[in-house]
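Student: Could you go through this structure with me, one piece at a time?

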Amino acid sequence: MESQLPAEFIVNINHERCRKCKRCVINCSFSAIEFKDKVTANNRQCVACHRCATFCPENAITIIHNPLDYKDGYNWSPEIRKNILKQAESGGIILTGMGNPRPYPIYWDHMLIDACQVTNPSIDPLREPMELRTYLGAKPEALEFEGDIDNISLKTELAPQVKLDIPIVFAAMSYGAISLNAHKALAMAAKRMGTLMNTGEGGLHEDLAGYTDRIIVQVASGRFGVTSKYLNNSALVEIKIGQGAKPGIGGHLPGEKVGEDISKTRMIPVGTDALSPAPHHDIYSIEDLSQLIYAIKETTDYKKPVSVKIAAVHNVAAIASGIVRAGADIVMIDGFRGGTGAAPMVIRDHVGIPIELALAAVDDRLRQEGIRNRASILVGGSIRQSADVVKAIALGADACVIGTASLIAMGCRVCQKCYTGNCAWGIATQKPELVRRLNPEVGADRLCNLLTAWGHEIQEVLGSLGINAIESLRGSRERLRGVGLSQETLDILGIKHAGIGQ
Amino acid sequence: MQEYTLFLGCIIPARFPFMEKSTRLVLSQLGCILHDLEGATCCPTKSIVKPIGDLAWYVTAARNLALAQKTGHNLLVPCNGCYSTLKSVEVEMRVNPGIRDEVNAILASAGLEYTGTVEVKHLVEVLHDEIGLPKIKQHLIKSFDGMRIAPHYGCHMLRPSSSITFDDPNKPKKFDALIEALGAKSIDYETKMLCCGGNLNTADEPEEATALARIKLMEVTKKADAIALTCPSCFMQYDSRQYMMQKTGEKLNVPVLFYPELLGLAMGLSAQELGMDMHRIDLAEFLSKWDSKYKYLKTLKEVFDLSAIRKCYECAACVNDCPVVKVNPDFNPNEIIGRLLSGELEAVTGSHNIWQCVDCYTCYELCPQKMGMNKIFDKLKHMAIEKGMGPKGFAASIEMFRKDGRLGEPTSMRKKLKLAEPPKSGGEELKKLLDHINNKGEENEI
């Protein structure tokens, strides 16, 4: 039956300006615009992806929220009612894409950064060197040296390290969830900027062979595309236990998206659903996890750091401690606002905890147990701006990962329809005519611009803090102050309230 | 494995047994087991039997339902009229206990009872919702790609929506989806939801019945290659009545296809096997058009990305930006692409027009899909050269390129300008490389 749900958006076409070139019709991948003597909108299909409005040569298109309002109700909000209506029509789980958009507190926006005044001079990053470089991997308890003062060398054997020129890494997004052109753009940008991209759980397409030293390869519960060659063709290997957008549940790439190329990369037949189980079927304890970590280390000859990625959940600190003791060189924590190509809305919006609190708790726990040096901490789950990166590092992270921000840089308009495979911007789709819309070269340029811009901003902040290296800021919670937070939250974050001095 | 009890009604076995044939053939290929309904009677037809009396209508239908209940399988109904009647009574018996008890009290005297444990399903409902489009697509052998089919739902597949809810009564989609699953284009047309007028015959108004059928046929003949339907009464209107019109000199030539026939053809069954030679309106022209279209598109697909060219043809946004169009209004790149799709590959390759594309990439830069017509022209030009065609000046240049690897020799002008001798040509080495490609004997196009 035809849906009785009102349209969410209205597409207004200014017919006086429209010269009937029909570019909007071909640009719309959601069938929201038709041509019947003149351009006509099918409002119900519109997802506000902006593709038509962006490419209209006459600027004749505007998209507005449907002013048809639901009767007021703080409790039975329009969104809640819309979802009930949808489910009453379909009987299905509501699927969605991108990160949790609900108005939970954003703690980044309740933390403020310190700056130097008078007695401790600030530094001008345009005149003096300012280091953003950092290294991922286990650090030794202490360093021993050999030789004499003129010919000194390091005696301690270091665990494998991966150098990052900027403490921002591209988040795990699989080839399947996003297009090959998007993957190429991320890989090229990672190489140019001296950082890393992450294959996600979809394996590594052969076109990315030239970028392997800048690629994190992921081993997830579906084990798609995992071979010893795959593990060795990498900067580091990540075991994915959980994802911030959908902690505790698996993944599902529908068969329609599994074409020839994806089938080869994932090593599954064409047209079959790629199902990632909720758990790894060989991991039911920290000891099991340790076995997988060491199996990977054996396979990679102890030359690659091994990371374990988990979603931020209630017991995250104890889990992270177990992961470090199991032998992981990196712990990646993904907060409850982390993005996804497809997840049930109920999970995305209601499961997990904020990354700010999880990070503070994990860093604290590892310090208390004296094992913080044994692993680097990577955090993600809605890092939206350079200030978030600075605050995360001051809270104890080694580096941040960005997913949604990198997609937005490539053109994503956060319409949250990634799961439909109709992405009008050629990012979250496998349809050849849509994938073509994303030029990998242009995408890479835009990603590099974003990282360069954030890098400059981070340098400005470091200068104002009077320090000249990002590593000097790590875990320096004294340089943060909270505003409008309860005492308990301040205690968890390990920061003082604004207004309190040393 | 799906099992159904087949309810054919009166018209299909009596007048159009080929409909039964195709239904049985395609459903068995799709893995369905069909059981017959012993003792079945007329559904009964609402327009004729209901006026006799409500209860007679209910009891006749409920008796058929009670018999079906004994078989234990849901009823599969390929006739719209039977479906609408049986479904209406099934739902009425479920939601209205008063009628159920009254009807069952009468059925009891024949030792029958309908308790609502079997459901009535339309053929389209079963194919779309239960067998599913992916399974149908798996059985495709010869697609109807490039053919335009006008879907005729027929009123009683969808109405009354008080009982029938598997598709929208005014804007249905599922029959269209079944047609498109076979590769055909299911066209949207103004009279799509217009009644066939069949019941006007029972009202002794054959002329009005013809007039109503004619309206749709007039539109379809202009817009589609055939009409597809699932109802024997509608079929009678469009096939038999069109034949009568033909006899009086009005030739509309609209082939009328029962959906299982269309599906059977796509599955590789022959028109003879399906009994399609029993139609009154001749299908030969339709079948041969389909066959040549199929063969042509197969060749075209080897060279071009068909879905991309189709989008390109429909869009045509860049045509007004093409610089050549500005000096030569007769050059219409979009029309060339249209001809390519309609079967004129050879004529297009031989035409001088394709050389008027000047490789300026204007269309590519303005293309929302980053496709651009220039890519199509690149391929056409290559095909022309392969066949030894192309502008004269062009052939001479190619000759020179093949010989020296350059398109011009230095002249005395250089000396006047006191320029040194140009670097030596690598023509010899290039020639070897190009010979290497030729010797491999492979297609030169990537």
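Student: Is Tyr361(B) buried, exposed or partly exposed, and what is its relative accessibility?
Tutor: Tyr361(B) counts as partly exposed because its relative accessibility is 42%, where buried means under 20% relative accessible area, exposed means over 50%, and partly exposed lies in between (1.4 Å probe, protein chains only). This is a predicted model, in which local features need pLDDT of at least 70 and side-chain atom pairs count only at pLDDT 80 or more, while totals for chains, interfaces and linings use all residues. Residues are numbered from 1 along each chain as its sequence is written, chains are lettered from A and ligands numbered from 1 in the order in which they are written, and side-chain values use heavy atoms, with hydrogens and water left out.

Student: Where does Tyr361(B) lie?
Tutor: Tyr361(B) lies in the loop of chain B between helix 19 (345–350) and helix 20 (362–366); helices (H or I, at least four residues) and strands (E, at least two) are DSSP runs, numbered from the N terminus. Its phi is near 65 degrees, which is a positive value in a residue other than glycine.

Student: Which residue of chain A has a positive phi, near 70 degrees?
Tutor: That is Lys22(A), again a residue other than glycine, and it sits in the loop between strand 1 and helix 1 (23–27) of chain A. Lys22(A) is partly exposed, with a relative accessible area of 24%.

Student: And which peptide bonds are cis in chain B?
Tutor: One cis bond joins Cys43(B) and Pro44(B), with omega about 10 degrees, and Pro44(B) is in the loop between strand 2 (32–35) and helix 3 (46–49) of chain B. Another runs from Arg159(B) to Pro160(B), with omega near 5 degrees, and Pro160(B) is found in the loop between helix 9 (155–158) and helix 10 (174–181) of that chain.

Student: Back to strand 1 of chain A: how many of its residues are buried?
Tutor: Strand 1 (residues 9–13) is mostly covered, as 4 of its 5 residues are buried. It pairs with strand 4 (residues 61–65) of chain A in the antiparallel sense over 5 bridges, and two strands pair if DSSP finds at least two bridges between them. Within strand 4, Ile64(A) is the bridge partner of Ile10(A).
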